[in-house]
Structures are given as structure tokens and as C-alpha cells.
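Please report on selected side chains and helix packing in this model. Keep it brief.

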Amino acid sequence: MNSGEWFFRFVILNRLSHKSIHLNNWSEFPRPPLTQIVNAIRSHLAEFGIVAPVGVQNVDRLLEAAAELPEQAGVAFDLLSRQFHETRDRVAEITRQIEISQRQDPTARRLTTIPGVGVLTSSAITATTPDVSQFRSARDYAAWIGLTPKQNSSGGRERMGGISKMGDRYIRRLLYLGALARIRTRRRRGEGDDWIWQLLKRKPVKVVAIAIANKMARTIWALLKSGQSYRPA
């Protein structure tokens, strides 16, 4: 889990408590300084030849190795270590509260029946999506999130460009991460005739992930509109 994903939890919980898209934009909520803390820990220990693979999940290995630090160097490191653990504990509590709220929300529970949509994504969508009747189609909803291709016209010919990236970038990123998880799962099964595998044979992973995220957004719109749960085709 990177610091950006931890940040999502703070904002999702805040939005769930208000149930309003008009309050507290993602960018206005204070970002926990996990990246800064982790980078400071790595930099401090690297001076003593202590390193570990990149990733928050590997910080515990650095903390264990820090027992070898000289006493004076350990004073500054202890402060960083406390900051890291305190922030991680706060995030764990926020995650627990999000999970409780998600279990109590019928709409959020239904959304998690969609492959690639987890607790965070379903909670964020439930807390941020306005009345789905405002969108004329599933494509309009995907466009609201920023997951539809931009259209470029030249010489009377219409060409499809990259995604618009308009709308809520955090919801878009959550769907993108869910799509990547589906790709990893699909690859473990080996070759097949399904549309995801056929796309993976022809397109880069990032392009396939955007296509999956777009389809996920359209499925979310259909479920919000119908009030039903996901049924695989």
C-alpha cells in the first residue's frame, strides 16, 4: 500500500460521514506525510549502509535493522519511527471505520459484487456519485469519471485519443487499480478466449487497464440505476 492509497482512506471516510460531493474536495484534505516519513527513514539508514526494497511494506525490515545504529544516530531515528507507527495506526483505524460504514450501506455492498471493486472503491463511489439519473447513459457516467477517450477531428476524420482525465481523479485511480488487480488475476489463469486476454495479447497493460476500468464504470452505472447486484455474463 503506497501513501496515496492511505490518503484515500482519510477522504473516503470524511465523505462517507457527510454523504455529499460538495464537501471537502480530495485536494483540500491534508495529506498524511507518509511518503516524507518513509523517505526520511530510508535516507537516514542509507547513511549507515542499511537498505531495503522500495515499498511501505518493507519499512518494518528497515526498522528492525535500525537496532544496529549508534546511540546518537538512534535518537533522530526513534522520532521518525514513532511518526511512522502513529500514522500507520491512525490509517488502520480509519480503514476499520470505512469497512464498518461499507457493510452498513446496501449500495456499497452491491457494488463490491463487481470484479475489481473493493471496499474502498465502493465506499468512495457511494459517497461521491450524485443521483445516477443525471447521467443519460453508462458512457456519460464513465465520462464524468474521466474514463472515456478524447475525440479529435482532423480533415473530416474523427480519431480517438487518450482518456479525458476529467472528473474525480481519485475515483478514476481506484478503478484503475482495481483493473490492474483483475489483470494480475487473469494472467495467473493462462491463455483463453475472453476479452481481457485478447486485449492483453494486442495492447499494452496500461491501455487494457483503462479499458477494464471504463467497463467497470459502466457496470457501476447500471447497478446504481437498476438497484441490482452484479451478475456475470
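W197 lies in helix α9 (residues 195-202). Helices here are DSSP runs of H or I with at least four residues, numbered from the N terminus. The model is predicted: local features need pLDDT of at least 70, side-chain atom pairs count only at pLDDT 80 or more, and totals for chains, interfaces and linings use all residues. Residues are numbered from 1 along each chain as its sequence is written, and side-chain values use heavy atoms, with hydrogens and water left out.

W197 has a relative accessible area of 15%, so W197 is buried. Buried means under 20% relative accessible area, exposed over 50%, and partly exposed in between, with a 1.4 Å probe and protein chains only. Leaving out residues up to four places away in sequence, W197 touches R186, R187, G190, E191 and G192. Contact means heavy atoms within 4.5 Å. I183 is 14 residues from W197 along the chain, and their C-alpha atoms are separated by 8.6 Å.

W144 sits in helix α7. W144 is partly exposed, at 28% relative accessible area. D168 is 24 residues from W144 in sequence, with 7.7 Å between their C-alpha atoms.

T128 belongs to helix α6 (residues 119-128). T128 counts as buried because its relative accessibility is 1%. A polar atom of the T128 side chain lies 2.7 Å from the backbone oxygen of A124.

Now the helix pairs. Two packed helices are described by the angle between their axes and the distance between the axes. Axes are lines fitted to C-alpha atoms over the stretch in contact, and angles run from 0 to 180 degrees between N-to-C directions.

| Helix pair | Angle | Axis distance |
|---|---|---|
| α7 (residues 138-145) and α10 (residues 205-226) | about 120 degrees | 8 Å |
| α2 (residues 34-46) and α4 (residues 71-104) | about 150 degrees | 10 Å |

The angle makes α7 oblique to α10. Angles under 35 degrees count as roughly parallel, over 145 as roughly antiparallel, 65 to 115 as roughly perpendicular and the rest as oblique. On the α7 side, the contact involves A138, R139, Y141, A142 and I145; α10 supplies N214, A217, R218, I220, W221 and L224. These residues divide into eight nonpolar, one polar and two charged. Ala, Val, Leu, Ile, Met, Phe, Trp, Tyr, Cys and Pro count as nonpolar, Asp, Glu, Lys and Arg as charged, and the others, Gly among them, as polar.

α2 and α4 are roughly antiparallel to each other. Among the residues in their contact are L34, I37 and V38 of α2 and F77, L80 and F84 of α4. By class, the contact has 11 nonpolar, three polar and no charged residues.

Conventions. Helices (H or I, at least four residues) and strands (E, at least two) are DSSP runs, numbered from the N terminus. A polar contact is a pair of N or O atoms within 3.5 Å; within protein, one must be able to donate a hydrogen and the other to accept it, and residues adjacent in sequence count only if both atoms are side-chain atoms.
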